[in-house]
Number of protein chains: 2
Amino acid sequence: MPTSIEILQEKGRRLRVHSLTSTTEAGSGHPSSCLSAADLMSVIFFREMRFDPHDPKNPANDRFFLSKGHAAPLLYAAYAEAGILDVTQLPTLRKLDSVLEGHPTPRLRWVDVATGSLGQGLSAGLGSALAARIDGLPYDTFVLLGDGECAEGAVWEAAALASYYKSSNLYAAVDVNGIGQSQRTMDGFDTQRFVAKFRASGWYALAVDGHSYPDLMNAFDRCRAEAGDKPRVIVARTLKGKGVSMLEDKEGWHGKPVPKADLEKALSELSQPYAPNGFQPNPRPRPNSAAPQPAPEIAPTRKTGDSVATREAYGDALAKLAPLDPRVIVLDGDTKNSTFSEKVLKTKPEHFIEMFIAEQNMVGVAMGLAARGKIPFVSTFAAFLSRAHDHIRMAGVSGLNMKFCGSHCGVSIGDDGPSQMGLEDLAMFRPIPDCAVLYPCDAVATERLVMEAARRDGMCYIRTTRPKTPVLYANDEQFPIGGCKVLRQSPKDNAAVVGAGVTVFEALKAADALAKEGIMIRVIDAYSVKPIDRQTLSAAARDVGGKMIVVEDHYFDGGLGDAVLNAVGDQAKIVKLAVTEIPRSGPPEALLDKYGISSRHIADAVRRLA
Amino acid sequence: MPTSIEILQEKGRRLRVHSLTSTTEAGSGHPSSCLSAADLMSVIFFREMRFDPHDPKNPANDRFFLSKGHAAPLLYAAYAEAGILDVTQLPTLRKLDSVLEGHPTPRLRWVDVATGSLGQGLSAGLGSALAARIDGLPYDTFVLLGDGECAEGAVWEAAALASYYKSSNLYAAVDVNGIGQSQRTMDGFDTQRFVAKFRASGWYALAVDGHSYPDLMNAFDRCRAEAGDKPRVIVARTLKGKGVSMLEDKEGWHGKPVPKADLEKALSELSQPYAPNGFQPNPRPRPNSAAPQPAPEIAPTRKTGDSVATREAYGDALAKLAPLDPRVIVLDGDTKNSTFSEKVLKTKPEHFIEMFIAEQNMVGVAMGLAARGKIPFVSTFAAFLSRAHDHIRMAGVSGLNMKFCGSHCGVSIGDDGPSQMGLEDLAMFRPIPDCAVLYPCDAVATERLVMEAARRDGMCYIRTTRPKTPVLYANDEQFPIGGCKVLRQSPKDNAAVVGAGVTVFEALKAADALAKEGIMIRVIDAYSVKPIDRQTLSAAARDVGGKMIVVEDHYFDGGLGDAVLNAVGDQAKIVKLAVTEIPRSGPPEALLDKYGISSRHIADAVRRLA
């Protein structure tokens, strides 16, 4: 039977008390942002949601995403009141050794994705809701948003897609307290503006008084009764700091705890219990779920010498992998015929999700899918992954098992011009701790690396190329993450050239040209940019007397050259060949040459060193 | 007098012919995306817009932004038909030496900002519209969007802000052809969905037949008559490939030119002129505009030893600069009380623009402002600039004069936790060609560098720190971009430590501790991360026998350490101290120590080397 209104009110009161005391104890935090949402939170956690407090990973648990991550103390308070945390843990908020961080992270295992960069939670929640459909699981997903963060376009990317996919198992609540960090919000208390926007996006939307329990309870009941196949949102008019007169609807209190001296007075306004504390969770039975196995092996079947674009081999690999591993979900932002992710539509169409032209939401949804045990492959042009950099950053903070593929890297794409060229993608992914950065040069390497990425637990980036390249490797060649391939070597190499992707072939051309002059070079395919094969590079540096050239179709800073510098910079004189200016439209070969990364420039660089 | 309907129709026909012929000649491009918008384009260029075809920089010219940049051939055709380009230039489309690139760039001087990454044009157009208000200029700004790109949230960030600022001098047109790159769009031909979304965002919106000249003309007339203080949008239902039966509303033709063999047949369907070619431009008189002067000098007035956060000094510098240089416009995304950009509100409030929590639109608007001669300072947390990485990338492609400030960098922010820590911002800005990357450690350096950034023509990034740091430098100290400061040196230095920001002070502490052991070190403040002072670093490497340590509050890859490696990696054994894992919440000092970048770790690294 549902929780009584008195108990919900009492939970709301206790959520406020915990939020105030924990932030004052920490000396920082956002209590006023907690207080505005406390009543909403009480109804969501203690009336609407079904979960087993003792089984965080029960696949049938309803899921909750705190998009307004700065209200973390409210979330921790709710966990405590739900019997998930011990109330005595709450004062550890923000301490170095506590999992109760300033903004939620999965270091607390009930948290699916880290939040705190605003406007990401609805996408992650949508990913969770889509995962329920894919797995045929009964759980619902709830997302609590702030009003200020609804200025982020990513929220509306998620809203549009949720209605397109009829995600009726997705519940959003917007805490409209009208005050941002530095001033009143754009739309103030205009809840009808929010309702109109959500309805225009195809949602079932209601505006309510966010501090009236009867209104909130009725709103959720109406959602369940009337929303049909639409995602549903409750737009709640609230007051920041609600319940404490010194904070209530006051500007200048964002991100400020109540001073120790004022805490007692503040708490005294919340001292009257509504009911004895109590709450009966209503968990769903745990469905059987098999322990996840490592992703299966797949093997390429190429003919050496054929010409195949690595982007196409990426699609081939996914088409093989997806039917074998139900966790593999492929996403694309209306570029599937360019990234070739569309090949999955032929072998496992129900595991492909078209995300349309909204890269932030694509990554945010993938975060939600990964949190639910999927292995998402996020596919678009490398250049356009930069659109989702903040989401990718937060996926890193969340420690999620996600795979990214950026196609159309570098000037080698040719005449579409600089806006379409991925020239900073390696620099974007390399800094992320524990993110593997993979850059295959041929179809065999690509298929192997897609498999390796799927089998590795953690974030991986795969960089693919637009033009066709020759199949260089035998089908049984292995490509462990962290390795590289020595393609040319002799006892009397004068220099070593390290390339990846298209530049591997430019290096081989240069090697042939130089051989005619009696200059021998070692050619290395650094398909694993991170982790990089320090040992092999070090041996090469030693063997060639420290004369090393790195050539890459990427901007000068942050790419393969810097990876090599970090590995063996102290053992070699390293010449970097890379793109050093904003490139322009033109034929691929002409651009490789114009920007100094063609075989001619490699050979010249070797001659200057040798 | 307005252009006749027959001439508009004839212009539309000629725009189609040019779009087809130039793309077939180029062998690539997006003719079908041009044909759907040709009639809209004709009415906008040849009826609605006022400009002087011979004076691209006339400040009173109406401005046009092609958000759907892949329709570049249509734009070039319109320029040709307007008498701006010679028709004989059109066949140079996409050639290596042509300014008619695959997607528009300012290499063609009529283009204000590069487009081609979708969903950015409305923001840039809004920036242009806001600039008109700031300068009291009469021009209107027109933006042509595709329907597919309206899935990008950035479009809705711009829409919301345009209505908030009552930008009635902004005209948008959405070309609803219903077909994306790889399939039908999310909303297909549901123009009412677009109208509802724009109206919910506070726009005056009309849905029309995008191929009916009377409808289009009437729609623009109604906008001018009825829209009042609202931004206005025309949602035009069109057919992709309109006018050529082999393309019309057909999937599979995105980004494909008509084969040479079929061109004649395609053109034959467009061979009937509507009217003799003719068009009378209706330019506004050119207002007097003074030639821009270099930004003025400002000087800090600090007391050595005082404690001031560099983020606060950033605000102080802007507060001094803005009243002296009318081009300086300060933007912030509801963090102005944290970045201290709010200090400008005290000295030049009309040059501060609150952008609310929408970083993509903030950067996009700044692109439009910069294109109109402003010097925008884009301010938010360093971590949240990653939200706008794609826009920043496109600003780089556009070669715009923009300044960015990222505050709250690194683990030194403390207990708000990893979601708020800028740990990849240096890696994001360093790859951009010609972007200066500045990282002051004290208030004097910050004020000087803000001034240097304003005086430099080009993109600059300034990184500021949350905690207070001591004022280290005298007020008359100069900080040229490309320099550095040697803070400690002796004839018998055992090693050199290179830091920036907070780590400069950790390095100084380490120097004091080591000095007690008789170990002398050189301490260098690398306030200019890019360009970096190769000469001074090289001299230091030589003097200390190549023992160098770089310490930074940034992830290991892509930051100051890599900048130093690139400068003197061949002259020194470089030990990098940086953040190598996802950090957590805690006190700043504890975090600096936990992640290995405190004075203790620096001293240990020196002892190991020395």
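Buried means under 20% relative accessible area, exposed over 50%, and partly exposed in between (1.4 Å probe, protein chains only). Keep that scale in mind for the close-ups of this predicted model, where local features need pLDDT of at least 70, side-chain atom pairs count only at pLDDT 80 or more, and totals for chains, interfaces and linings use all residues. Residues are numbered from 1 along each chain as its sequence is written, chains are lettered from A in the order in which they are written, and side-chain values use heavy atoms, leaving out hydrogens and water.

**View 1. A salt bridge joins Arg488(A) and Asp512(A).** A salt bridge is a side-chain nitrogen of Lys or Arg within 4 Å of a carboxyl oxygen of Asp or Glu; here the N to O distance is 2.8 Å. Arg488(A) lies in strand β14 (residues 485-488) and Asp512(A) in helix α17 (residues 502-516), 24 residues apart. (Helices, H or I of at least four residues, and strands, E of at least two, are DSSP runs numbered from the N terminus.) Arg488(A) counts as partly exposed because its relative accessibility is 29%, and so does Asp512(A), at 35%.

**View 2. Arg542(A) pairs with Asp543(A) in a salt bridge.** The N to O distance is 3.4 Å. With 60% relative accessibility, Arg542(A) is exposed, while Asp543(A), at 37%, is partly exposed.

**View 3. In chain B, look for the salt bridge between Arg600(B) and Asp593(B).** Their N to O distance is 2.9 Å. Arg600(B) is partly exposed at 45%, as is Asp593(B) at 25%.
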